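These are my notebook entries on a structure that is new to me. I record what I looked up, entry by entry.

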Amino acid sequence: MPDSSTLKLVGGAGANRAKLLTQSKGGANNSDTIANLLVESPVALTGTEPLLKATSGSSKLTVTDTVTCQGTADTVEIDHVTASTTALVASNMTFAGTGSWTIQGDGGIEITGGTISNDASAIISNKLTAASGFTKAGSGTLTFADPSGVATEIALNEGAIVFATNANFTGSDYVTLG
């Protein structure tokens, strides 16, 4: 798939469930890059059928623009064969639609200096890293279950951010209220 592509995954039951797998090709680690990932009404993608599963040491999916979750919210899982290793890299994430989104699993998520926007409530249970910080936009509540990798700067433009566990901020980390 070309790096400028948009991949749209639309939910369904049973064998019709849309999912992504990044794996090794010819013995080498594989990382895929696309411009946009659109997840629409996914119908719980968890357990043995996660939304994204990175199956080799450094394999991951990089989304250069936006990961968008929309439609009827549900729980989706992002996993990596090596726990806490980054499985998804995204510049921006958007949570829209009805209900509350939950992103869970043992694959890390890296935000590369963009925006997390949510008008629907969203919980990110995966380890989230954002070395260059990010902007939180949208009126919904964004909850981080593992905020330990969130560093540098969070600009809160609207809505609310909840840290479900203690965040270990250093002197150079800060939240800017916008």
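What does the accessible surface of the chain come to, and what share of it belongs to carbon and sulfur atoms? I worked from a predicted model. I noted an accessible surface of about 7800 Å² for the chain, with 48% belonging to carbon and sulfur atoms.

Entry on the overall make-up. I found 18 strands and zero helices in the chain. Of its 178 residues, 43% are buried. I then turned to contacts with a separation of 6 or more: residues 24 or more positions apart account for 51% of these in the chain.

Entry on aromatic rings. I searched the whole structure and found one aromatic pair. Phenylalanine 134 belongs to strand β13 (residues 134–137) and phenylalanine 144 to strand β14 (residues 141–144), so the pair ties together parts that are ten residues apart in sequence. I also checked burial: phenylalanine 134 and phenylalanine 144 are both buried.

Entry on threonine 46. I located threonine 46 in the loop between β3 (31–40) and β4 (52–54). Leaving aside neighbours within four places in sequence, I listed Thr75, Glu77 and Gln104 as the contacts of threonine 46. I also looked up aspartate 79, which is 33 residues from threonine 46 in sequence and 9.3 Å from it in space, C-alpha to C-alpha.

Key: Residues numbered from 1 in each chain as written. Predicted model: local features only at pLDDT ≥ 70, side-chain atom pairs only at ≥ 80, totals over all residues. Heavy atoms only, no water. Phe/Tyr/Trp six-rings, centres within 6.5 Å; stacked < 30°, edge-to-face > 60°. Helix = DSSP H or I, 4+ residues; strand = E, 2+ residues; numbered from the N terminus. Buried < 20%, exposed > 50% of the residue type's maximum accessible area, 1.4 Å probe, protein only. Contact = heavy atoms within 4.5 Å. Areas by Shrake-Rupley, 256 points an atom, 1.4 Å probe, with all protein chains shown as cover.
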